Amino acid sequence: MIHIENLTYTYPRAPRPALDHISLDIPQGQFCAVIGANGAGKTTLCYALTGFIPNFYRGKLEGRVQVAGRDVLTTPLSELAGEIGLVFDNPFNQITGARFSVREEVAFGLENLGVPREEMLARVEEVLARTGLAELAERSPFTLSGGQQQRLAIASVLVMRPQVLVLDEPTSQLDPVGTKEVFSVLRDLAATRETTIVLTEHKLEWVAVFADRVIALAEGRIVADGPPHQVLAAPDLERYGIGQTRYTQAARHAQARGLAAPDKPLPVTLEQAVAFFTSLMSVAEGDVMR
Amino acid sequence: MNIRVDAVSFRYPSGVLALRDVTLHIAQGESVAIIGENGAGKTTLAKHLNGLLKPERGSVHIGDWDTREHTVAQLARRVGYAFQNPDDQLFEDNVWEEVAFGPRNLGQSEAEVQAHVTAALEQVGLEGMAQLHPYDLPASQRKFVALAAVLAMRTPIVILDEPTTGQDARGLARLAAIVEALKAEGRTVITISHDIDFCAEHFERVVVMAGGMILADGPTSAVLAQSEVLARADVEPPQLSRLALALGLPGAPRTVEAFVAALAERAMSTVNRDTRMTFDV
């Protein structure tokens, strides 16, 4: 679904590339999380996937980006808008301000495409239900909580039925309740396997639980790529300014103290951590019985 | 300099009752995390501490000052407040001037200003960026400019409103070091934060708020072990608390080291000292 080949991009007047020889294939329906320190290139990658680069930002670009069979670098943004949706970190940047209700806001993109009324209404209602906004349909977007606004931003992108949904730190401005709301929408969306999801996120516990795949960026390069339990537990990512969950940290500390075998795979979720430490305790109890 | 919030109620002009009869005493040198969901009253309470809001009922004292009898500018000598959104407080043309604004306004000598600004910029890791325009920095670093501006004022009390928002692992480590340094200097550090893991590790006392009231207040591990209180405040316990609970370990370990020590103790109590699972505790 997404094919990136040797992509290198440098912002105007920047001393070094923001993306440096990135090659990447993401199959349809995959939920792919992109992690990395601030300034590692996460947002730039989101912009490259959605055509913001090079359409809005100039600079120097080499390589290829294909999404849903289209060349992002040469296809006009208006044509890409139906295939690829981008959700920003701050829902205020996304909500048009030109519509007075949640329902009208969600319909805005379809109105611009001239979708027939009956179809538009049906699609809007379907998306409102999927994002848990049906009961808020008549409310003004500006009276919503942060989590509700971000779900509205996602709804107004989803209604376009994009094949690829790109979200750039969608929960960074949200409290834990809002974060949970957004991830529950993403989880339901991922379960259908219809939409390919690319998400940049600092909240690693959520990434560990929900993503199929994690890509770690540092200084514009891919430094790790694999399933969450591999990438999020990789010890060498610390030097790139990438953290770990407390579950992984606790398990590593237990290994350092000789409480756990040094080659025992490290946990990245609560569930895995419970299994990791329960097995340590049951080994201990087994020894007593022996 | 002690903080005394006594029976404070506050209603916004919109009619929302944001604080209901809140009493909270904080001694000089304490580190306190105020947690709770949006709308719980955390920021309203914090804004009472630097005089941005004055109590409708009850009283707030910062040392011997009643906040109703002092201006925000006067209270700024005693309470530094780093806002959640740095753009609410940044207005100078370069980072140095931004950080120097507060100390100058407090009447510090130029030599003191020089020393305090230099130290604050170093502490937040922006020493090479003094001549840049704040808005040429990314948001995560603008937050550190705003924090430096507060640190340079050398107030006995420092309030950090959502300091971890938008920070990556390095930013979090730097913040942690700043909080620990403030604690070591005996300054009072108060944070309002949704980052419960950060609060657990670096603050010695936790105040849980919901609906404009204080639901719990006490030493961090004691408060974080009260999962039913946290649930009532809609706060998810820290990762290590959840893990300890799932494993049946007692209390709420605040750090990775404390968690592993509790685990080791449990293992010691079940394992014969001669088996291979014996280890140095």
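Reader: Which domains is chain A divided into?
Author: Chain A is divided into domain 1 (2-244) and domain 2 (245-290); the bounds come from an automatic or database domain assignment. This is a predicted model, in which local features need pLDDT of at least 70 and side-chain atom pairs count only at pLDDT 80 or more, while totals for chains, interfaces and linings use all residues. Residues are numbered from 1 along each chain as its sequence is written, and chains are lettered from A and ligands numbered from 1 in the order in which they are written.

Reader: How many Å separate the centres of the two domains?
Author: The centres of domain 1 and domain 2 of chain A, taken over C-alpha atoms, are separated by 35 Å.

Reader: And how many residues are in contact there?
Author: In chain A, 9 residues of domain 1 are in contact with 8 residues of domain 2. Two residues are in contact if their C-beta atoms, placed from the backbone, lie within 7 Å.

Reader: Which elements give residues to the domain 1 side?
Author: Helix H8 (204-210) and helix H9 (228-231) of chain A are the elements that give two or more residues to the side of domain 1 that touches domain 2. H8(A) has the largest share of that side, 4 residues. Helices (H or I, at least four residues) and strands (E, at least two) are DSSP runs, numbered from the N terminus.

Reader: What is that side like by class?
Author: The side of domain 1 of chain A that touches domain 2 has 6 nonpolar, 2 polar and 1 charged residues. Ala, Val, Leu, Ile, Met, Phe, Trp, Tyr, Cys and Pro count as nonpolar, Asp, Glu, Lys and Arg as charged, and the others, Gly among them, as polar.

Reader: Changing topic: how many helices and strands has chain A?
Author: Chain A has 11 helices and 10 strands. Its C-alpha trace spans about 75 × 45 × 30 Å along the principal axes.

Reader: What share of chain A is buried?
Author: Buried residues are 47% of the 290 in chain A. A residue is buried if 20 or more other C-beta atoms lie within 10 Å of its own, exposed if 12 or fewer, and partly exposed in between, with C-beta atoms placed from the backbone.

Reader: Why is H6(A) said to be largely enclosed?
Author: H6(A) is largely enclosed by the rest of the structure because 13 of its 13 residues are buried. This helix covers residues 146-158 of chain A.

Reader: Is Val87(A) buried or exposed?
Author: Val87(A) counts as buried, because it has 24 C-beta neighbours inside 10 Å. Val87(A) lies in strand E6 (residues 84-87) of chain A.

Reader: What is Val87(A) in contact with?
Author: Leaving aside neighbours within four places in sequence, the contacts of Val87(A) include Ala153(A), Ile154(A) and Val157(A), as well as Leu167(A) and Pro170(A). Val87(A) and Arg161(A), 74 residues apart in sequence, are 14 Å apart in space, C-alpha to C-alpha.

Reader: Now to chain B: how many residues does the contact with chain A take?
Author: The contact takes 36 residues from chain B and 35 residues from chain A. On the chain B side, helix H6 (169-184), helix H10 (239-247) and helix H11 (256-270) each supply at least two residues. H11(B) gives the most, with 9 residues.

Reader: And by class?
Author: The residues on the side of chain B that touches chain A divide into 16 nonpolar, 10 polar and 10 charged.

Definitions and conventions. Expected span 1.5 Å × (residues − 1).
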